[in-house]
Amino acid sequence: MLPSSDQNEILKRRTFAIISHPDAGKTTLTEKLLLYGGAIHVAGAVKSNKIRKTATSDWMEIEKQRGISVATSVMGFDYAGHHINILDTPGHQDFAEDTFRTLTAVDSAIVVIDSAKGVETQTRRLMEVCRMRKTPVMVFMNKMDREGKDPFDLMDEAEKELGIHCTPVTWANGQGLKFESVFALNNRPAELSEKLQEDLEMIDGVYPEFDKEAYLRSDLAPVFFGSAYKTIGVQELLDFLVANAPSPLPVTAEERIVEPMEDKFTAFCFKIHANMDPNHRSCIAFFKICSGKFLRNTYYYHVRKDQQMRFAAPTCFMAQKKETVDEAFAGDVVGLPDTGNFKIGDTLTAGEKLHFKGLPSFSPEMFKYIDNADPMKQKQLEKGINQLMDEGVAQLFVSQLNGRKIIGTVGQLQFEVIQYRLEHEYQAKCRWQPLQMYKACWIESDDDAELDTFKKRKAQYMATDKEGRDVFMADSAYVLSMAQQDYKHITFHFTSEF
Ligand code: G4P
């Protein structure tokens, strides 16, 4: 076990992500939290973090902004005797895969909902990941200063659409132009309007009291109302989070469960941020520390490479500044400068052979064949594709029928990113050929004979992912549902980890 001073450091940590549909107010809320933490001093400081709406079709511009956002990848600050790490998630939906992976590195999440729009698509998808991982979530109903949906309807919608029981912790005094303040339900104002009295009776009759255990089991989401823009209801959220959100949780590795208080350091890589400047082709590999303490210039074991490595310039993220750190604790994220040593999912330890689980790939939504457009540069192309896939830019499948490479992404932008980076970083040229495809499903069965038959019958739709697993490439929802009907002993998974 770690010495108690180090254990206290770990207990002080709250590492979470803020997730939402674009425009619900994630950036504004993040900024207000940073203001409370004294990490920034003026509103507007976090704006650079956001991918501007005007730039949605210009990915080069987006990448530039993503470059800026390295510094805001993790926003650390101290508040009320705690150390907060907010992990940023890209707002652009073409980078949803980055967000999914970031969610594997947090101990809890705040879901921001625009009270006029309710639960939107991106929020629903991100919540699915939280549910899958049993991540405790809190809900912030934002923009109460605008005319929006009725708070009770919002509660119903959140329960239904997010698939989790909800209970309010604060309640809004008014809405739209009449919105003035929020109050904690366990500390109600003496004077209540008739409407509020009715609301409270209803709340008392319908919602259970907040139950911390249920929240930590991810069975119950506490709900807050407010306006990030007007800074109303934000401190209530932050204070509640500090008091109730989990400090770093145990993490499951293939070999065993790793407890944060173990004295031996362990960490896994959940994100690689490439530098888009071709003159400085280094990356930053982001590692979430799962246990113990990380020290600068100390040898650690890179499990996949079976090699000892040490890091002279690890960075930590305080507010918006990147700083070299000498030590970091379980719950923290360290950025390690990298020149191609790391892949998403890599593990660093103090010597133990550990493999962390839970970095699933999700079925991509767009697929294209990638072909070599410059026969002299075949090797460069191979290398480029492999490295970009290791960084998690997209997923590679190889057709079992003809050996052709298929790239799967969640958005068109990634194809452009890949093409550009292959040309500029690897001097290789590629050509795309569209592929009408619905989903990639990882298949599994206890019935070897049925699996065999399926693979033979569907040979032209079978591919292999980069780990060598069988993937069924369904070209339409209909084909997939027929396959599910006909092959009852085969399970079709939409994520690579099941
Ligand atoms: P995002 O990161 O989730 O995409 O959202 P962001 O915080 O950028 O907020 C999106 C828009 O919603 C911004 O307006 C922001 O000012 C506004 N907003 C955020 N929270 C609230 C709130 O509580 N009440 C109201 N009324 N508006 C809110 P914008 O016009 O797009 O940008 P800006 O010109 O205000 O910067």
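**Exercise 1. Find the strands that helix H13 lies across, and its angle to E28.**

Step 1. Helix H13, residues 477–486, lies across strand E26 (439–445), strand E28 (470–474) and E29. Helices (H or I, at least four residues) and strands (E, at least two) are DSSP runs, numbered from the N terminus.

Step 2. H13 runs at about 130° to E28. Axes here are lines fitted to C-alpha atoms, for helices over the stretch in contact, and angles run from 0 to 180 degrees between N-to-C directions. Contact means heavy atoms within 4.5 Å.

A word on the model before we go on. This is a predicted model, in which local features need pLDDT of at least 70 and side-chain atom pairs count only at pLDDT 80 or more, while totals for chains, interfaces and linings use all residues. Residues are numbered from 1 along each chain as its sequence is written, and side-chain values use heavy atoms, with hydrogens and water left out.

**Exercise 2. Work out the strand order of the open sheet of eight strands, and name its edges.**

Step 1. The order is E25-E22-E24-E23-E27-E28-E26-E29, with antiparallel pairing. Two strands pair if DSSP finds at least two bridges between them.

Step 2. Strand E25 (430–434) and strand E29 (490–493) are the edges, as each pairs on one side only. On average, neighbouring strands of this sheet are turned by 40° against each other, direction ignored.

Step 3. Now look at E22 (residues 366–372). With E25 it makes an antiparallel pair over five bridges, where Asp 371 stands opposite Arg 431. With E24 it pairs in the antiparallel sense over four bridges, and there Met 366 faces Thr 409.

Step 4. E24 (residues 405–409) also pairs with E23 (residues 395–399), antiparallel over four bridges; Phe 397 stands opposite Ile 406. These two strands form a hairpin with five residues between them, and Gly 403 in the turn has a positive phi of about 70°.

Step 5. Four of the five residues of E24 are buried, where buried means under 20% relative accessible area, exposed over 50%, and partly exposed in between (1.4 Å probe, protein chains only).

**Exercise 3. Decide where the buried and exposed residues of helix H12 sit.**

Step 1. In H12 (residues 448–457), the buried residues are Glu 450, Leu 451 and Phe 454. They fall within an arc of 100° seen down the helix axis, so they line one face; the arc is that of the directions from the helix axis to the C-beta atoms.

Step 2. The face turned away from the buried side carries exposed Asp 448, Ala 449 and Lys 456.

Step 3. What do the buried residues of H12 pack against? Their partners are E26, strand E27 (462–464), E28, H13 and E29.

**Exercise 4. Check the length of helix H10 and trace its packing.**

Step 1. Leu 381, Gly 384, Ile 385, Leu 388, Met 389 and Asp 390 are its buried residues. They pack against strand E12 (266–274), E22, E23, E24, helix H11 (412–426) and E25.

Step 2. Just after H10, Gly 392 takes a positive phi of about 90°.

Notes: Expected span 1.5 Å × (residues − 1).
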